[in-house]
Amino acid sequence: RGQHGLLGVEQATEPLHSLIIDMLDGTPVLKLSAGEYVAAFFNQSREEVTGKAQRILDAASELSVEVEERTVHITMTASGAPIIADVEHALDAAYQLHHEKAAEGIRNTVILEAETSDDDAPELDEAGRILATINEAIEHQSFKLLFQPIISLRGDADEHYEVFLRMIDSDSVEYAPNNFLQTAIEHNVAAKIDRWVILQAIKALCVHRSKGHNTRLTINVTSNSVADGEFIKWLAVAIKAARLPSDAVIFQITEQDANTYVRQTREFVEGLREMHCQSSIGRFGLIDRPFDLLSQIPADMVKIDGSHVASLQKEDDTITPLLKELQDLGKFTIVPMVESAAQLAGLWQAGANYVQGHYLQEPAREMAYDFSTDDDD
């Protein structure tokens with residue numbers, strides 16, 4: 001780079017890139033940057049992989065490339081690591097090894113981490129352990145659903161619950177979503193969890209409605225699903241197969257995810273509208289200029305982030321102006337984490353449409369809240 005600049009590096013390494021692809025015919029090869037490539041070998045011995053890497057190094061040493069009429073001689077170093085947990089962790093390990101050896105001035109050689117068996121595999125980091133638990137839970141479907149009532153403050157007698165997810169590991173330890181869902185999203189496995197939740201929630205809703213309950217569910221979906229163009233098609237088939245009224249399910253995505261995937265979220269919400277399903281933005285009020293987001297995404301409902309509840313009726317009240325502006329926009333509002341009768345009364349005065357929280361009922365395995373209690377009073 002110092003001698004030829006970035007464009008020169010691209011020109012010099014173009015033949016090398018072609019050489020690697022040709023010699024690794026059929027092997028997945030990813031270009032990390034100019035002069036940096038990674039290949040993943042599956043079901044091959046250490047000797048086979050080392051041999052292939054060495055042959056590439058030998059061929060590369062014979063390349064002679066000209067950049068601006070100056071000859072550039074190619075040198076290479078190949079570093080690798082066994083794939084034990086997943087490809088990403090192996091890539092990180094190999095990349096770290098490569099830079100350590102480069103710092104030591106080692107060139108034109110093949111370096112692999114020591115071969116490791118499953119019995120003495122290195123201990124995974126926290127993210128690796130969580131991901132392994134997630135994959136195991138997906139394989140064995142060891143999740144469970146909980147339902148928390150959403151209560152109307154405006155005389156709406158319809159039954160409404162939000163669906164919450166718990167993951168259970170092999171030791172019967174329960175994990176709340178904040179302990180595993182972000183890792184699942186980062187590794188693109190959250191969509192599988194979303195589909196399991198939706199199918200199980202719809203199944204439970206069908207059973208509950210068959211008993212005479214006019215019940216709706218709010219179901220949370222992750223950005224993995226919203227960013228997947230095929231998801232809305234799958235969702236339409238799932239709801240149609242269940243023979244549910246379209247207004248019986250509301251799909252909710254967090255404000256942060258919606259803000260990261262604005263176009264995809266807008267298309268998702270518009271797709272829901274075509275199905276006559278409602279949408280909701282959850283954990284609202286955490287980003288800067290949250291109402292700008294609502295101007296781009298026409299969600300029907302907004303669930304305010306629970307951190308605003310503590311400010312109710314205080315000097316630094318943030319929730320009342322949020323509720324007022326949302327009301328002016330015609331959005332139905334939900335306020336979670338209600339923990340006292342005083343908060344309930346304050347939210348009624350502030351104009352909230354719906355509330356939920358442990359004061360009313362904690363999430364439970366069954367949809368068993370008595371929505372008629374307030375009317376009877």
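This report looks at a pocket and some salt bridges in a predicted model.

## About the model

Local features here need pLDDT of at least 70 and side-chain atom pairs count only at pLDDT 80 or more, while totals for chains, interfaces and linings use all residues. Residues are numbered from 1 along each chain as its sequence is written, and side-chain values use heavy atoms, with hydrogens and water left out.

## The second largest pocket

Let's start with the second largest pocket, which holds about 1200 Å³ of space. A pocket is an open set of points on a 1 Å grid over the protein atoms alone, where a 1.4 Å probe fits, with protein on both sides within 12 Å along at least five of seven lines; lining residues have an atom within 4 Å of a point. The volume is the space filled by probe spheres set on the points, which are joined across faces, edges and corners.

The lining has 41 residues, and F164, P177, N178, N220 and R283 lie nearest the centre. Strand β9 gives the largest share, five residues.

## Salt bridges

The structure holds ten salt bridges (a side-chain nitrogen of Lys or Arg within 4 Å of a carboxyl oxygen of Asp or Glu). One of them joins K303 and E162, with the closest N and O atoms 2.6 Å apart. Both K303 and E162 are buried (under 20% relative accessible area, with exposed over 50% and partly exposed in between, using a 1.4 Å probe and protein chains only).

R283 pairs with D305, the closest N and O atoms being 2.7 Å apart. R283 is partly exposed at 48% relative accessibility, whereas D305 is buried at 5%.

Methods. Helices (H or I, at least four residues) and strands (E, at least two) are DSSP runs, numbered from the N terminus.
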